[in-house]
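These notebook entries concern the pairing of charged side chains.

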Amino acid sequence: MIREPGMSVRLKLTLSYAGFLLLAGTLLLGAVAVFLLDYQNRALEVMPVVMAPSGRDLIKDFAPDAAVVMLFLLVFGLLGGWVLAGRMLAPLNRITAATRRAATGSLAHRIELEGRDDEFRELADSFDAMLARLDAHVAEQRRFAANASHELRTPLAITQSLLEVARDDPDRDVGELHERLRVVNARAIELTEALLLLSRADQRSFTREPVDLSLLAEEAAETLLPLAEKHGVTIETSGDITAVRGSRALLLQLTTNLLHNAIVHNLPEGGTVRVRTTASATSSTLVVENTGEEVSPERIWTFTEPFQRGTERVRRDHSDHAGVGLGLAIVKSIAQAHDGTLSLAPGATGGLRVTVRLPGGSMSFGDGQDVAR
């Protein structure tokens, strides 16, 4: 937006200081003049008129000195107001300079305003916090874009290699080629859908409705039962009605991702996945715990990063259930989109314990009553 040029805030404050000082000086001199006139009237009552000075003479003698005083107040008010306004606006100038640098894309700098706590210090600290969040978000988006590009390039490169092999070797088994192309294409589609789901959760573009986490856990367990049987894993679910408000589709995806990871990252045989939902007056909790190899606390924080896979066993798994490395990243994004938190901790005897805590909601029944859980 183009605006017409105007006076700076410093100049406005300077004129305000000078004007206030002149007004105060004028009132003071006016009070002195009134005092002198009153003194002259009282003097006429006690001495002859020829000896007492007249009011005109008093004003005539007082006016030059008053003009000098007013001129001094004007100059002093302008100079003093300019210096004071500059000192008062110095923090604002630093904030403005930082804002202009941020507008050019530089988010690494901070204002770090010194001094006691006041309005300018609060504004600078808030701006520093905003810059830190933006810097972290931009860095995460760049890292995510780079990882996504790398992950999407892999199936495309494999597809190109397979097509080149088929072109150079017309006698090659077409059935084997079709199967490998199908697997690669399915993996590319799965990755693309995961990226779209992650973007949808980040944008919070969904309608909130009452959802029961316990029912979602049972539905996800039933859906993934064939996969659990294939891996020799037993799924145990427990919990009462656990109400939240959010997107049923996204929360089902969250639950399914957690169970999928718990099944795939498990013992080779005889593994267990325990799913438990609990509710309190203010929050609802979903806990998914599995057996498996011991996980060091240093590695846990990397599991929610995009395209991070938890175990070597998954990297060796070339089946359709190997995942694309976005499972826990999607879970974290969905939890945050619902104003919740995701926490990971190693199990007592191995495996991983994942806890999703969401704000509590209410479930609506057919009679129109809402029961808070």
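Does Asp 339 count as buried, partly exposed or exposed, and at what relative accessibility? I found that Asp 339 counts as partly exposed, at 48% relative accessibility; buried means under 20% relative accessible area, exposed over 50%, and partly exposed in between (1.4 Å probe, protein chains only).

I note that this is a predicted model, in which local features need pLDDT of at least 70, side-chain atom pairs count only at pLDDT 80 or more, and totals for chains, interfaces and linings use all residues. Residues are numbered from 1 along each chain as its sequence is written, and side-chain values use heavy atoms, with hydrogens and water left out.

I looked up the salt bridges, defined by a side-chain nitrogen of Lys or Arg within 4 Å of a carboxyl oxygen of Asp or Glu. The count by this rule is nine.

Entry on Arg 208. Its side chain meets that of Asp 339 in a salt bridge, 3.8 Å from N to O. Arg 208 lies in the loop between helix H4 (174–203) and strand E1 (209–212), and Asp 339 in the loop between helix H10 (327–337) and strand E6 (341–346), so the pair ties together parts 131 residues apart in sequence. I used DSSP runs, numbered from the N terminus, for helices (H or I, at least four residues) and strands (E, at least two). Arg 208 is partly exposed, at 33%.

Entry on Asp 125. Asp 125 forms a salt bridge with Arg 121, the closest N and O atoms being 3.4 Å apart. Both residues lie in helix H3 (residues 119–168), four residues apart, about one turn of the helix.
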